[in-house]
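I opened this notebook to record what I looked up in one structure. The entries follow in the order in which I made them.

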Amino acid sequence: MNHGISDQEWNDYIDGIATADVSARIQSHCAVCTECWEFYDQMSCSTLLLQDAAGDARRGFTLDSSHLDHLLTNVLAAIRSGEGGSFDPVHVKGRLDMLETVFAPFCGSQAAARALQSAAAQSRARTIEQITEDNWEPFMERLTAIAAAMVGDTFANLVWERGRL
Ligand SMILES: [Zn+2]
C-alpha cells in the first residue's frame, strides 16, 4: 500500500506532526479509500493504546533518579544473567525477548509487548514475526521513539544500546 503517501508522511500524521498540506492530503484520501482508512484506524488505535499505557506507566512511575538507577541496575543484571555470559551469535528472536524484558519492569509486560508490536507495525517489518536483520534498524528507531515517549530519554538510550545487533 502506498497510494501516494510515504511512510514518513504516515508516521508524521499519526504522531500529529504532519504539515497542514500533508494532513489535508491524507484526510481527503482516507475519505475515499477504505484500505488507507483502515490502516489509519489501526495505527491511531495502537498509538492511543500506547499513550494510555504510557500514561499509566508515568502515573505509577516515580521520576526519582535514585529509584530510576535502582531499576536500571536490576534490568541490567537481568540482561546479563539472561545472556548467560556466552558469545553465541545474536538472534533476532533473542534480542526481541530481551528488549521485552527490558521494557517490562518499567511499564508492565502487556505494555512492553504492545510497544514492540507497535514499533514493528510502524516500521518496514509491519509485524513482529517479519522482523529480520535487514529491517532491524528502522524497527529499533521506532522502538526507541516509543520508549522515549513512554518513560523518558534515559530509558530510551538504554533500549537503543541493548537493541544493537
Ligand atoms: Zn489509499
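I noted that the model is predicted, so local features need pLDDT of at least 70 and side-chain atom pairs count only at pLDDT 80 or more, while totals for chains, interfaces and linings use all residues. Residues are numbered from 1 along each chain as its sequence is written.

Entry on confidence. I recorded that pLDDT is the predictor's confidence in each residue, from 0 to 100. The protein has a mean pLDDT of 72, and 64% of its residues reach 70 or more. Over residues 82–89, pLDDT stays under 50. Where pLDDT is low, the predicted coordinates should not be read in detail.

Entry on secondary structure. I took helices (H or I, at least four residues) and strands (E, at least two) as DSSP runs, numbered from the N terminus. I found eight helices and zero strands.

Entry on helix α2. I looked up its length: the expected span of a helix is 1.5 Å times one less than its number of residues. The 13 residues of α2 (residues 20–32) should span 18 Å, and the end C-alpha atoms are 19 Å apart, which agrees. One of the 13 residues of α2 is buried, so the helix lies largely in the open.

Entry on α1 and α2. I asked at what angle the axes of α1 and α2 cross. They cross at roughly 95° and come within 10 Å; axes are lines fitted to C-alpha atoms, for helices over the stretch in contact, and angles run from 0 to 180 degrees between N-to-C directions. The contact is made by Glu9, Asp12 and Tyr13 of α1 with Val22, Ser23 and Ile26 of α2, where two residues are in contact if their C-beta atoms, placed from the backbone, lie within 7 Å.

Entry on Gly4. I located Gly4 in the segment before α1 (7–15). Gly4 is exposed, because 9 other C-beta atoms lie within 10 Å. Gly4 and His29 are 25 residues apart in sequence, and their C-alpha atoms are 9.4 Å apart in space.

Entry on helix α6. In α6 (residues 109–121), I listed buried residues, including Ala111, Leu116 and Ser118.

Notes. A residue is buried if 20 or more other C-beta atoms lie within 10 Å of its own, exposed if 12 or fewer, and partly exposed in between; C-beta atoms are placed from the backbone.
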